[in-house]
Amino acid sequence: MNGGPENAGGPGRLAGRNIFELRAVPQANAAGTATEAPPAPPANGHKTTPQQQAAAPQEAYVSLPTSDESETLLRIRHSSAHMMAMAVQKLYKDAQVTIGPWIDRGFYYDFDIKQPLTDKELKQIKKEMQKIAKAKLPFIREDVSKEEAERRIKEINEPYKLEILESILSRNPDADITIYHIGEKDHPMHWWDLCAGPHVEKTSDINMDAVKLESVAGAYWRGDENRAMLQRIYGTAWETPQQLEAYIKLKEEAARRDHRKLGQELDLFSLQETAGLCKLSLLQESPSLGEENPNVCLIRHLCNVYCAKMYGVCTAVVRLPAPKLEIGHIGSPSPPALWLVVPGVSNRAPCKTSPCLPKVEDLSLSACFFLLQVCCRFSRRARYERSGTMHGLFRARGFTQDDGHIFCLPSQISSEIVGVLELMEQVLSTFGFSKYEVNLSTRPEKSVGDDNFWDIAESSLVEALNRKGWSYQVDEGGGAFYGPKIDLKIQDAIGRKWQCSTVQLDFNLPQRFDMTYIDEENTKQRPIMIHRAIFGSIERFFGILIENYAGAFPIWLAPTQVRLLTITDDVAPYAHEVAASMKKQGIRAKVEGGASISKLVRNATTAKTPVICIIGRQASSGSHLQCGGLNARVDEVQMLRSHQHT
């Protein structure tokens with residue numbers, strides 16, 4: 001079942017545009033030669049550092065659009081999914097198909113099949129797909145009645161298809177039911193499935209040299225762990241073999257940068273799932289979730305200090321318990337608290353924030369037209385995630401959000417949004433992200449607030465984006481039920497997009513808590529509430545940072561900025577004296593010795609230390625250090641002074 005309501009994608013999601021060029025392999029031009037990307041000029045006249053090389057490898061560029069960004073690729077991937085399902089059912093007569101949507105840069109299909117699928121079976125399926133492509137079979141759309149669709153499904157004994165049909169009709173009894181055929185009905189290779197399209201014209205339009213079946217994974221039917229376990233085949237499909245080669249290299253580079261692997265190698269954080277909990281050494285405040293990691297605590301401290309300087313004044317927030325505390329509330333602890341309850345696990349992780357809502361006292365101001373209350377803080381969150389869905393720092397049961405709220409007048413919305421966007425830009429660029437995809441999400445079908453407020457809010461967001469000069473895409477109906485929003489997706493060093501910053505308007509909470517202020521005419525008015533988050537989840541942002549820099553952080557963020565390597569024990573006192581002097585200047589230095597200098601250098605390089613100084617007898621008798629393996633530019637050292645706090 002593809003392309004219909006069950007599909008993860010859809011033709012209506014093609015409004016996006018590919019604003020990123022992924023660094024990969026040379027792209028062949030019309031003459032078959034490679035098109036090389038122009039070399040990036042040195043920053044501020046300095047040589048490129050290893051951090052910059054890790055963050056931005058200078059290779060040729062190949063455009064690797066997502067399915068949303070290219071309808072041609074969407075059709076190729078959708079049709080490849082159908083051809084794969086057809087091949088599986090040709091090879092394994094007992095196989096039953098379920099759903100198989102296109103995804104960002106590929107496709108998948110779920111099968112109920114007795115035969116365990118391995119890499120060997122994937123090669124056989126690929127060969128069968130090649131036969132289907134060579135047959136030049138047409139993709140044919142057919143509109144059928146729901147009765148006819150049900151009859152045909154029962155005729156071939158496909159219970160999953162029947163359930164899909166029933167779910168479509170339960171949502172919309174008058175829904176159009178369409179079938180896509182591969183080949184004419186009387187063709188010996190004929191195959192069909194419920195599908196809304198779109199597809200290519202014929203199977204030979206798929207370049208099988210640009211298709212790869214990647215892996216097999218388990219997936220519960222309908223995502224319900226109480227239902228059948230299916231086998232999911234993932235694949236990717238492109239227009240050219242060069243694109244496929246570039247995609248494979250991109251995945252290899254992403255694996256090299258995997259924050260879970262680098263986190264272990266560089267001792268940045270640890271994950272603990274033995275108790276059913278994902279322990280993050282990063283940012284943990286509870287002993288039950290594990291000890292703090294000093295490296296990451298330091299990075300959190302730097303982020304906190306930097307953001308405190310950027311965010312400005314914070315006012316106090318009084319948190320009031322919601323009327324009902326249902327799930328996870330244990331006994332009557334004092335003060336009231338919630339606990340994260342994990343099935344099958346006796347110990348519980350404290351959830352530092354109960355389902356509370358903010359209330360700002362003394363919101364009525366005499367000079368109401370200057371009303372502007374800003375409240376922000378880093379707050380802990382906890383939620384239960386199934387073990388199979390957790391993914392390092394990107395998806396965990398405990399995380400920290402940089403919550404911020406602005407209460408303002410309707411006339412202040414645009415200027416405040418501009419201020420938030422400028423804050424986002426400054427903070428994200430400081431951490432090395434300068435390319436964004438901006439999305440404006442408008443009023444959904446189900447929402448709160450009157451039309452006038454929504455019109456003011458949406459026009460204010462548009463005005464703010466125009467004042468910033470940012471191009472953006474409109475996600476019609478994608479806003480929250482309580483207000484429209486602007487989302488920023490940042491581009492990392494290898495071209496991936498990550499949702500991070502968001503700013504949302506909220507009409508709901510001020511109304512629920514009856515927040516008012518007295519205007520210039522001495523009448524009560526309702527303020528506007530603006531939610532904003534720069535990082536989103538701090539843990540997730542840190543994972544993005546690790547992968548963006550491949551673990552080689554800029555000097556101001558590096559856990560250890562300078563390593564002083566001693567050639568002999570005689571110079572150790574001098575090295576410790578230098579380290580103490582550096583620490584007084586706010587530089588994080590470490591002395592290491594007791595091994596061969598080649599091993600010490602290798603260890604320091606493996607740890608991705610920005611600055612390495614080798615100290616021998618000659619250096620200890622002088623007033624200057626000679627540093628080898630200098631991984632930092634002069635401007636980064638100057639930046640260190642402005643951001644460093646010990």
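A salt bridge is a side-chain nitrogen of Lys or Arg within 4 Å of a carboxyl oxygen of Asp or Glu. This is a predicted model, in which local features need pLDDT of at least 70, side-chain atom pairs count only at pLDDT 80 or more, and totals for chains, interfaces and linings use all residues. Residues are numbered from 1 along each chain as its sequence is written, and side-chain values use heavy atoms, with hydrogens and water left out. The structure holds 29 salt bridges.

**Glu-253 and Arg-257**
- Glu-253 and Arg-257 form a salt bridge with an N to O distance of 2.6 Å.
- Glu-253 has 18% relative accessibility and counts as buried (buried means under 20% relative accessible area, exposed over 50%, partly exposed in between, with a 1.4 Å probe and protein chains only).
- Arg-257 is also buried, at a relative accessible area of 0%.

**Glu-142 and Arg-152**
- The side chains of Glu-142 and Arg-152 pair in a salt bridge at 2.8 Å, N to O.
- This pair links distant parts of the chain, 10 residues apart: Glu-142 lies in strand β8 (residues 139–144) and Arg-152 in helix α4 (residues 146–155).
- Helices (H or I, at least four residues) and strands (E, at least two) are DSSP runs, numbered from the N terminus.
- Both Glu-142 and Arg-152 are buried.

**Asp-143 and Arg-141**
- A salt bridge joins the side chains of Asp-143 and Arg-141 at 3.5 Å, N to O.
- Asp-143 is exposed, with 53% relative accessible area, while Arg-141 is partly exposed at 44%.
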